[in-house]
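I opened my notebook for a quick look at helix packing and charged pairs. Here is the model I worked from.

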Amino acid sequence: MPSPSESYLLDFHARLAGVTSRWFAHAPVQAEEAAPSSYALLEAVVPRDARPLTVLDLACGDGYLLELIARREQSELSLVGLDMSAHELEAARARLNGTATLLQGRAQSLPLGDASVDVVLSHLALMLMDDVETVLAELRRVLKPGGRVSIVVGGDPVPGNALEVFAGLMKSAVAVPPMRLGDPRVRSVNGLQELFAEGFADVTVRSLSVQGDASPGEVWESLLTTYDADRLSPAAQASLQAAFLQAVEPLRRSDGSVPLRWGMRQLTGTRHP
């Protein structure tokens with residue numbers, strides 16, 4: 001039986017399958033080294049060599065990350081995607097056309113053998129999962145000794161952009177019943193390091209600023225698909241939209257765009273031998 005938070009996420013992704021890759025597949029990353037997207041940072045973790053490798057995308061959504069890896073055409077790559085949403089997996093099947101094995105299930109009980117995976121990747125999902133310690137125990141179980149894990153999760157707010165304006169307006173929006181999504185430790189550097197201290201070595205966490213600049217209307221459309229805004233009533237959404245479009249007008253540039261920055265983090269580590 002899904003938990004209340006899982007039930008909400010299943011409903012959200014039934015209505016908005018593919019929404020994560022829609023907004024982030026082509027959103028450039030500003031970090032120590034720039035990257036085309038947060039997905040590209042994860043794709044780069046997979047070794048480019050001739051040895052057989054099994055790669056698991058945990059909460060794979062519509063399969064965009066798996067498609068990035070499959071484009072390499074490395075003959076010895078075995079790609080596996082797992083998601084609890086049947087609607088996301090349907091989109092992934094259409095996208096991947098048989099280049100990956102897709103499984104419906106929960107991260108807390110992976111349908112994979114012990115020490116069967118070389119690389120585990122996950123994009124904007126771990127911070128939403130119930131019982132994260134069980135999830136990490138499952139990752140330790142399925143990863144081979146020396147295997148790699150890399151995840152992208154939400155990070156600290158980036159000041160001075162449309163997301164900051166939106167967050168301020170949300171505080172005064174019509175309240176919705178509180179919903180706890182995931183473990184708060186996944187949302188901080190110290191918490192991530194604490195969670196990954198057991199069973200992993202060489203753990204690094206780096207901050208990312210992901211660029212989503214667009215017209216005020218397009219930026220609003222992306223923000224409307226955040227979990228908090230999605231749960232507002234239609235009337236509250238309309239009121240928030242009017243206030244947001246007015247508030248971001250001073251940020252509008254000569255090309256009509258406004259700056260949008262998503263704070264994220266990438267954690268990478270190695271399974272203890």
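Which hand does the crossing of H9 and H11 have? I found the crossing of H9 and H11 to be right-handed (left-handed if the near helix is turned anticlockwise from the far one by less than a right angle, right-handed if clockwise).

A note on the source: this is a predicted model, where local features need pLDDT of at least 70, side-chain atom pairs count only at pLDDT 80 or more, and totals for chains, interfaces and linings use all residues. Residues are numbered from 1 along each chain as its sequence is written, and side-chain values use heavy atoms, with hydrogens and water left out.

**Entry: H9 on H11**

I looked up helix H9 (residues 216–224) against H11 and read an angle of about 140°, with the axes 11 Å apart. Helices (H or I, at least four residues) and strands (E, at least two) are DSSP runs, numbered from the N terminus. Axes are lines fitted to C-alpha atoms, for helices over the stretch in contact, and angles run from 0 to 180 degrees between N-to-C directions. That angle makes H9 oblique to H11 (under 35 degrees is roughly parallel, over 145 roughly antiparallel, 65 to 115 roughly perpendicular, the rest oblique).

On the H9 side I listed Pro216, Gly217, Val219, Trp220, Leu223 and Leu224, which meet Gln237, Leu240, Gln241, Phe244 and Leu245 in H11 (contact means heavy atoms within 4.5 Å). By class, I noted eight nonpolar, three polar and no charged residues there (Ala, Val, Leu, Ile, Met, Phe, Trp, Tyr, Cys and Pro count as nonpolar, Asp, Glu, Lys and Arg as charged, and the others, Gly among them, as polar).

**Entry: H7 on H11**

Next I checked helix H7 (residues 162–171) with helix H11 (residues 234–247): about 140° again, with the axes 10 Å apart. H7 is therefore oblique to H11, and their crossing is right-handed. H7 brings Ala162, Val165, Phe166, Leu169 and Met170 to the contact, and H11 brings Leu240, Ala243, Phe244 and Ala247.

**Entry: charged pairs**

I then turned to salt bridges (a side-chain nitrogen of Lys or Arg within 4 Å of a carboxyl oxygen of Asp or Glu), and the count came to 21. Asp114 pairs with Arg141, their closest N and O atoms being 2.8 Å apart. This pair links distant parts of the chain, 27 residues apart: Asp114 sits in the loop between strands E4 (101–104) and E5 (117–123), Arg141 in helix H6 (residues 132–142). I also found Asp62, Glu67, Arg71 and Arg95 linked in a network of salt bridges.
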